[in-house]
Amino acid sequence: MKVVKSYTKDEIAPAGCGGIATGGKVYINSGTATSGHVYVFDSAHNLKKSLNLTSYGTDAHGMVLTGGGKYLWIGNRANGDNIVVIDTSRDEVAGIISPVGSAPDIMDISPDGSFVYVALRPANPLTGGAPARGEKPGIQVIEVTEGGAKGAQKLFIPIGDQSPQSPNDVHAVAVLTLK
């Protein structure tokens with residue numbers, strides 16, 4: 001591995017927590033307690049577009065592709081507690097999924113693309129500070145609808161102690177396909 005290109009802090013905001021590729025593009029997010037962004041790069045590492053998502057929520061974390069790559073979902077775990085949906089053909093906001101639960105973080109999609117599993121952070125997160133403060137640790141299951149453009153809560157799977165003092169901190173979820 002080697003560094004092929006770098007960007008200044010004026011070009012790319014701090015605290016990125018996710019990258020995903022589709023259609024010859026790479027999406028990288030960035031989020032703090034006061035901001036949320038997604039950056040679109042081409043296959044030659046050129047920054048093609050920057051989307052400021054702060055008006056939809058802050059502390060952008062976790063991403064997943066739905067609709068066979070047609071939509072990119074990005075969780076906002078501070079202000080908003082929602083998922084911003086990006087249309088990857090236009091690289092524009094296509095909608096918001098809310099409610100999704102408190103402090104949505106890293107997520108993954110089912111093999112058939114019909115469900116997204118979202119880690120929800122507790123009231124006392126072990127990392128991430130105040131923006132990562134949620135309510136109850138667990139996994140929110142969201143049914144993917146309208147070809148990936150929308151979603152609806154289906155089920156919350158609690159993990160461990162659900163009290164405000166819970167030491168459990170669900171930071172990520174990954175789907176493993178078994179044969």
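R77 and D59 are both buried. In this predicted model, their side chains meet in a salt bridge, with N and O 2.5 Å apart. R77 sits in the loop between β6 and β7, and D59 in the loop between β4 (47–52) and β5, so the pair ties together parts that are 18 residues apart in sequence.

**Salt bridges**

A search of the whole structure finds eight salt bridges. Side chains of opposite charge can pair when their charged atoms come close.

| Pair | N to O distance | Separation in sequence |
|---|---|---|
| R77 and D59 | 2.5 Å | 18 residues |

D105 has a relative accessible area of 0%, so D105 is buried. R121 is likewise buried, because its relative accessible area is 0%. Salt bridges with shared partners join D59, R77, D105, R121 and D169 into one network.

**Strand β6 and its partners**

R77 lies in the loop between β6 and β7. How covered is strand β6 itself? Strand β6 (residues 71–76) is mostly covered, with six of its six residues buried. Y71, W73 and G75 point one way from the strand. L72, I74 and N76 point the other way. Both sets are buried.

β6 pairs with strand β5 (residues 60–66) in the antiparallel sense, over six bridges. In this pairing, H61 stands opposite G75 of β6. The hairpin of β5 and β6 has four residues between the strands. There, G67 takes a positive phi near 60°.

β6 also pairs with strand β7 (residues 82–87), again in the antiparallel sense and over six bridges. N76 has N82 in β7 as its bridge partner. The β6 and β7 hairpin has five residues between its strands. G80 in that turn has a positive phi of about 115°.

**The S102 loop**

S102 is found in the loop between β8 and β9. Is S102 buried or exposed? Its relative accessibility is 13%, so S102 counts as buried. Which residues is S102 in contact with, leaving aside its neighbours within four places in sequence? They are D81, L120, R121, R133, G134 and E135. One of these contacts, R121, also belongs to the salt-bridge network with D59, R77, D105 and D169.

**A nonpolar surface patch**

L155, I157 and I159 form a nonpolar patch on the surface. Together they have about 230 Å² of accessible area. L155 is found in strand β12 (residues 150–158). At 48% relative accessibility, L155 counts as partly exposed, because exposed means over 50%.

Note on methods:
Residues numbered from 1 in each chain as written. Predicted model: local features only at pLDDT ≥ 70, side-chain atom pairs only at ≥ 80, totals over all residues. Heavy atoms only, no water. Patch = residues over 30% accessible without salt bridge, like charges linked within 9 Å, V, L, I, M, F, W, Y side chains within 5 Å. Areas by Shrake-Rupley, 256 points an atom, 1.4 Å probe, with all protein chains shown as cover. Salt bridge = Lys/Arg side-chain N within 4 Å of Asp/Glu carboxyl O. Helix = DSSP H or I, 4+ residues; strand = E, 2+ residues; numbered from the N terminus. Buried < 20%, exposed > 50% of the residue type's maximum accessible area, 1.4 Å probe, protein only. Pairing = 2+ DSSP bridges. Contact = heavy atoms within 4.5 Å.
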